[in-house]
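I opened this notebook page to record what I looked up in one structure. The entries run from the overall fold to a single residue.

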Amino acid sequence: MNAKKRRLIDIAKCGSSQTCTYFVRQGCKGPIKIGKANDVKRRLSKLQCGSPQILQLVGLLHDDREDELHAMFSHLRIRGEWFRASPQ
């Protein structure tokens with residue numbers, strides 16, 4: 001199964017009864033947003049409306065770890081929920 005198909009299946013699993021933590025990248029080398037949503041597909045669509053660049057889902061966790069990840073990557077924070085990508 002290719003990666004795109006696997007992501008679509010993962011997104012489908014994040015229904016209204018489960019909060020998922022997502023990682024969205026702006027463009028190819030842009031910042032990464034760490035957020036949470038019950039409906040990741042819908043959230044990504046709303047974020048895309050406000051972004052001049054294509055947004056790409058680069059990661060998905062099937063639980064709410066947003067606060068923990070924001071703290072872990074606080075040294076890379078640009079603003080709000082957006083973080084610089086790190087090669088590590």
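I took helices (H or I, at least four residues) and strands (E, at least two) as DSSP runs, numbered from the N terminus. I note that the model is predicted.

Entry, fold. I looked up the contacts with a separation of 6 or more, and 59% of them join residues 24 or more positions apart.

Entry, surface. Of its 88 residues, 33% count as buried.

I traced an open sheet of five strands in the order 3-1-2-5-4, paired antiparallel. Its edges are strand 3 (55-61) and strand 4 (77-79), each of which pairs on one side only. I followed the antiparallel pairing of strand 1 (residues 20-26) with strand 2 over six bridges; there, Cys20 has Ala37 of strand 2 as its bridge partner. Helix 2 (residues 40-49) packs on this sheet and touches strand 1, strand 2 and strand 3. I recorded an angle of about 150 degrees between the directions of helix 2 and strand 3.

Entry, Lys33. I located Lys33 in strand 2 (residues 32-37). Is Lys33 buried or exposed? Lys33 counts as buried because its relative accessible area is 4%, and the cut-off for buried is under 20%. Leaving out residues up to four places away in sequence, I listed Tyr22, Phe23, Val24, Arg43, Leu47, Glu81 and Trp82 as touching Lys33. With Tyr22, the Lys33 side chain also makes a side-chain polar contact of 3.3 Å.

Conventions. Residues are numbered from 1 along each chain as its sequence is written. This is a predicted model: local features need pLDDT of at least 70, side-chain atom pairs count only at pLDDT 80 or more; totals for chains, interfaces and linings use all residues. Side-chain values use heavy atoms; hydrogens and water are left out. Buried means under 20% relative accessible area, exposed over 50%, partly exposed in between (1.4 Å probe, protein chains only). A polar contact is a pair of N or O atoms within 3.5 Å; within protein, one must be able to donate a hydrogen and the other to accept it, and residues adjacent in sequence count only if both atoms are side-chain atoms. Contact means heavy atoms within 4.5 Å. Two strands pair if DSSP finds at least two bridges between them. Axes are lines fitted to C-alpha atoms, for helices over the stretch in contact, and angles run from 0 to 180 degrees between N-to-C directions.
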